[in-house]
Amino acid sequence: IKPKPTVFMIFGGTGDLAERKLIPALYNLFLAEYMPKEFKIVGLGRTAYQDDSFREVLLEGVNKHSRSGKAEKDKWAEFAEHISYLKADVHNEKDYEKMEKIIETCDASWSEPSVIIHYLAVTPQFFPIIAKNLAKMKLANDINRTRIVVEKPFGHDLESAKELNHLLKNIFHESQIYRIDHYLGKETVQNMLAFRFANALFEPIWNRNYIEHVQISVTEDIGVEDRGGYYNTSGALRDMVQNHILQVLCLVAMEPPVNFDAEEIRNRKVDVLRAMRKFGSEEIRHNTVRGQYSEGWVEGEKVVGYREEKDVDPDSNTETFAALKFFIDNWRWQNVPFYVRTGKRIHQKSSIISIQFKDVPHLIFPSKSTESWQQNRLIISIQPEMSIRLQVQAKRPGLDMILNPVDMVFNYDGTYSTDTPEAYETLLLDAMKGDQTLFMRGDQVETAWELLMPVLESWESKKSISFPNYSADSWGPETAEALIAKDGFHWFTLP
Ligand code: NAD
């Protein structure tokens, strides 16, 4: 089903996110014929552009960043006709009147009333002023027509997230608010739901009786690049754990929803967050690790340490690495550890969920058969490889009974010939259709903040940590290995 006629107001239309992600995503939706026949994309920014010069800039972005490669001339021309530019300042009420005019013009010529999506691709400090000014527009409180998409970060801590929720909910109904977490739009992440709830095979063993531990590891090989100023006020816990990693964890751990309804799925996810064991000082001491990278060598090139990065305080105690052990206090997961780690300037870029099953109850094979023994493991690789692999033991061919682990692999590239859509394509299409399943609800965001606040507060108050404590291109601080090794496990890495 195609979405209804839509007007996209992109605040921050000249920004990096719009250029690299939003416009290429909308263009690919257009190519795949998912865009409605009637749509308009309005880029808002402070720079002076004409429609044509703005379209030129966006075309360059599409040519550089679109998954479908360089734009085809005719197709782009057709798409670009739907794009216009409005020089606007978020503080200026008059500019919102101009936006209203654009919507009115669309409505006057289109076959039915449009859906209006206000996409906030600007720094979060502008979210309140934009929301307040939008509230003065005629259609702001029309539940059926107006939506607001809010980019991450959603708050800097629990208090600011609550404030932002409060402000937005005073103006919009929850069903109009789309808090984006692009991780949830990734194919493999969405496939968690299909994999768990469309197969009879896994549910009976998806619990503490069979699962020994779970790992979620999201590592990046790059440093902070040109985002040092922002990152220094954020850190790994805020930037990755509070949102992406906890959302993925919820998909692994949630109870089966009754149906595929957005509210039902989001209820089950928030149940997980509510059941997560609180961090007291003991848990913080034993179950959390933070790190910061020093200089090092990456592929033969010297790279600087975090404290030497552009716009980063030379004494910064911001963590560029975090590892935590979580527990979920409910019937399904009691005492099953969930280890998560994330970091920058790590040896390998990858996002992996690894579910390790308990060992067999009794080993019938002689010890020489089982030298490379490995418990069953289910590995969901989110990126860069998109795959699901089940590691099982098998007999190696030959005259001796030697066992070794083998992978049963479902690899997207090998299974499907079609290209996988980018996360932003999925999410923008859902926003147009009014499907909030893959967006975060206000209470989810707050519960996630609530869980991590004691850790954040403890890390911020104890500044005596000796940073940096891992070198660029390593696997993070040694203490992160110790966190999991003391329970007898190791971090899983793809070969
Ligand atoms: P950016 O600095 O590249 O762009 C900022 C945009 O805001 C520009 O278009 C600028 O014209 C506009 N702007 C600034 N002041 C304005 C004003 N007074 N009135 C109107 N417009 C104004 O930022 P970005 O990287 O595109 O990020 C935007 C938001 O998206 C941030 O909240 C960021 O955290 C989030 N985000 C970005 C990425 C990314 O890949 N860039 C990824 C996830 C989330």
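Mentor: The side chains of Trp373 and Asp359 are joined by a polar contact of 3.1 Å. A polar contact here is a pair of N or O atoms within 3.5 Å; within protein, one must be able to donate a hydrogen and the other to accept it, and residues adjacent in sequence count only if both atoms are side-chain atoms. Keep in mind that this is a predicted model, where local features need pLDDT of at least 70 and side-chain atom pairs count only at pLDDT 80 or more, while totals for chains, interfaces and linings use all residues. Residues are numbered from 1 along each chain as its sequence is written, and side-chain values use heavy atoms, with hydrogens and water left out.

Let's stay with the tryptophan. Trp373 sits in the loop between β14 (350-357) and β15 (377-383). Those labels are DSSP runs numbered from the N terminus, with helices (H or I) of at least four residues and strands (E) of at least two. Leaving aside neighbours within four places in sequence, Trp373 is in contact with Asp359, Val360, Leu363, Gln393 and Leu403, where contact means heavy atoms within 4.5 Å. Trp373 counts as partly exposed because its relative accessibility is 26%; buried means under 20% relative accessible area, exposed over 50%, and partly exposed in between (1.4 Å probe, protein chains only). If you look for Ala480, 107 residues from Trp373 along the chain, the two C-alpha atoms are separated by 24 Å.

Now follow the chain on from there. Pro384 belongs to the loop between β15 and β16 (387-395), and the peptide bond from Gln383 to Pro384 is cis, with omega near 0°. There's another cis bond, from Phe467 to Pro468, with omega near -5°. Pro468 lies in the loop between α14 (442-461) and β18 (470-471). Why point these out? Most peptide bonds are trans, and most residues other than glycine have a negative phi.

That brings us to phi. Asp473 isn't a glycine, yet it has a positive phi of about 75°. You'll find Asp473 in the loop between β18 and α15 (478-485), and it is partly exposed because its relative accessible area is 27%. Glu225, also not a glycine, has a positive phi of about 50° and sits in the loop between β7 (211-219) and α8 (228-232).

Next, have a look at the ligand. Of the 19 residues around the ligand, Thr14, Asp16, Leu17, Arg20 and Val122 come nearest; a residue is near a molecule or strand if one of its heavy atoms lies within 4 Å of it. The shell divides into eight nonpolar, five polar and six charged residues. The largest share of the shell, three residues, comes from helix α1 (residues 16-31).

Arg20 is in helix α1 and counts as partly exposed because its relative accessibility is 35%. Arg20 and Val62 are 42 residues apart in sequence, but their C-alpha atoms are 7.2 Å apart in space.

A polar side-chain atom of Arg46 lies 3.3 Å from a ligand nitrogen atom, and a polar backbone atom of Val122 is 2.9 Å from a ligand oxygen atom. Taken alone, the ligand exposes 830 Å², and the protein buries 76% of that (areas from the Shrake-Rupley method with a 1.4 Å probe; for residues, only the protein chains shown count as cover).

Last stop: the record. UniProt lists His244 for "active site" in an unreviewed entry; its positions are given in the numbering used here, feature names are shortened, and annotations may be inferred rather than shown by experiment. His244 lies in helix α9 (residues 236-253), and it counts as buried because its relative accessibility is 1%. Leaving aside neighbours within four places in sequence, the contacts of His244 are Lys152, Asp181, His182, Tyr183 and Asp239. A polar contact of 3.2 Å joins the side chains of His244 and Lys152.

Methods:
Nonpolar A, V, L, I, M, F, W, Y, C, P; charged D, E, K, R; others polar.
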